[in-house]
Amino acid sequence: MDVIIENLPLYWEGFLRTLFLSVVSGAIALVLGTLLAAARVSPVAALRGFSMTYVEVLRNTPLTIAFFFAAIVLPRLGVRFEQFEVAAIIALSTYTAAFIAEAVRSGVNSVHVGQAEAARSIGMQFGQVLSLIILPQALRTVIPPLINILIALTKNSSVAGAFFVLELFGYGRQLANANGDQVMTVLLGVAFFYLLITVPLGILASTVERKVAISR
Amino acid sequence: MSSVLYDVPGPKARRVSLIGSVLGSVLILGLVAWIITTLAEQGIFQGQRWAIFTRGDVWSLLGNGVLTTLSAAAVAAVLAFPLGLLLCLLRISDIAAIRIPTRIVLEFLRGMPVVLMMLFVLLVFASGAFTAVVAGLVLYNAAVFAEIIRAGIQSLPKGQREAGLTVGLTSFQSRMIIELPQAIRRMMPSLVAQLVVLLKDTSLGYIVSYEELLRKVQIMADFLGPDFLFPIFFVAAAIYIAINIVVSRIAVWIERRGTVKAAGGVAKAEPEPIEAAVP
């Protein structure tokens, strides 16, 4: 226990950086993913094709490969970062966007056909149908799966710790190396801080799910 | 579905869409061209950088990496499924003293990064890298399998269990003989999808120094020099992604096959409602 209390500032700093990575990547991924989903259902064939390819490739890319690319290959290709956080955010947000696009697309499919027909029959354009009628309803049904994706994102941000970013996992590894005799306590401390983010989010997801289920 | 969102395009809309397609393609092609020229400026396309792929040892190392990746995934999958089944049975046990601790354990396992579990096993039990990777994957995926199977059992009509208990099966027999087979068949798509996730997660072994594909890339790049990093990485990533896409496709295929069968089967098996039979 003493190890955790002694190193609480480090844990706290790591926790904040994990939170920061998750929030920023999550926000970028939400925007990117929604755009990809919109492109997927759009009338323009090139956009559909692009969105489909993007989702198919990124969903099947192991996260470590995405990180390896952003943190080690990109700098070799002349893309320089001030901090490795940027590489981590690029990897996490492009990876997560593919999953969000899929979730939003299935949400769009879950909206009743009559909604789109009604909107079109009163003369709305594609953009209006999507932004005023379909997406607001779709987002409501996709909130629980979206929260689950964000939970996965938080857990995935731990990979950043292996690519030069000192977040929770990175500090955990450092502390484990420094306190060879108390590795178990150190790592359980790290686990506790992860659960501090993921468990409340999981409860939120199931609550929202129940609420949405009642109103349908 | 997409056709509902917009009118069947007339000549004008088709023209606009065509222009949009062309513009979009040009934009995407432009992006690709920009990436390629940037890469070319770095000298990526010089022949000698790719000439390493004519060497047998490069391929044998890559092949070795693929094998270690697949073997970790296979062992983990084989171990995780029975453990998941067991956890699921404990999780839905009638005895609260078993159910509640299992639930806490499952929440704990599902809420933690897989890498952390791998590192935990590696450092605390001082095991080899292979054991650590497999143990991390087994613990996490068993928890996920347990939740998937539980969802499958809960989606069954109540009558299944009631009927089982009525004909004199014990609670355990009813679970094993009546409910689990149906639940597993029903949840097959999710289970296979989770197998894809498991396969992808083997790449996390890189972080605990397991000699899988990505680690081999690193080793080769360190050995041959940084110039060769990109070509080797490119080929390795392509292999990895190709394997995953194939497995995902199999998952989709199973899902299609499953839904067709289930639809036919359920429709035939379900008796006519009595109210409908009496006019």
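Author: Two residues are in contact here if their C-beta atoms, placed from the backbone, lie within 7 Å. Keep in mind that this is a predicted model: local features need pLDDT of at least 70 and side-chain atom pairs count only at pLDDT 80 or more, while totals for chains, interfaces and linings use all residues. Residues are numbered from 1 along each chain as written, with chains lettered from A and ligands numbered from 1 in written order.

Let's start with B:Met118. Leaving out residues up to four places away in sequence, B:Met118 touches B:Ala132, B:Val133, B:Gly136, B:Leu204 and B:Val208. Along with B:Leu116, B:Met118 touches the most other members of the largest nonpolar core, which has 124 residues (a core being buried Ala, Val, Leu, Ile, Met, Phe, Trp, Tyr and Cys joined through C-beta atoms within 7 Å; buried means 20 or more other C-beta atoms within 10 Å, exposed 12 or fewer, partly exposed in between).

The axes (lines fitted to C-alpha atoms over the stretch in contact, with angles from 0 to 180 degrees between N-to-C directions) of H4(B), residues 56-91, and H7(B), residues 129-155, come within 6 Å and cross at roughly 40°. Helices are DSSP runs (H or I) of at least four residues, numbered from the N terminus. H4(B) brings, among others, B:Ala72, B:Leu79, B:Gly84 and B:Arg91 to the contact, and H7(B) brings residues including B:Val133, B:Leu137, B:Asn141 and B:Arg150. By class, the contact has 20 nonpolar, two polar and two charged residues (nonpolar: Ala, Val, Leu, Ile, Met, Phe, Trp, Tyr, Cys, Pro; charged: Asp, Glu, Lys, Arg; polar: the others, Gly among them).

Now the loop between H6(B), residues 114-124, and H7(B), where B:Ala126 lies. Most residues other than glycine have a negative phi. B:Ala126 has a positive one, near 50°. With 10 C-beta neighbours inside 10 Å, B:Ala126 counts as exposed.

Finally, the neighbouring chain. The contact between the chains takes 43 residues from chain B and 44 from chain A. H6(B) is among the helices that each supply at least two residues of chain B's side, but the largest share, nine residues, comes from H12(B). That side has 28 nonpolar, 12 polar and three charged residues.
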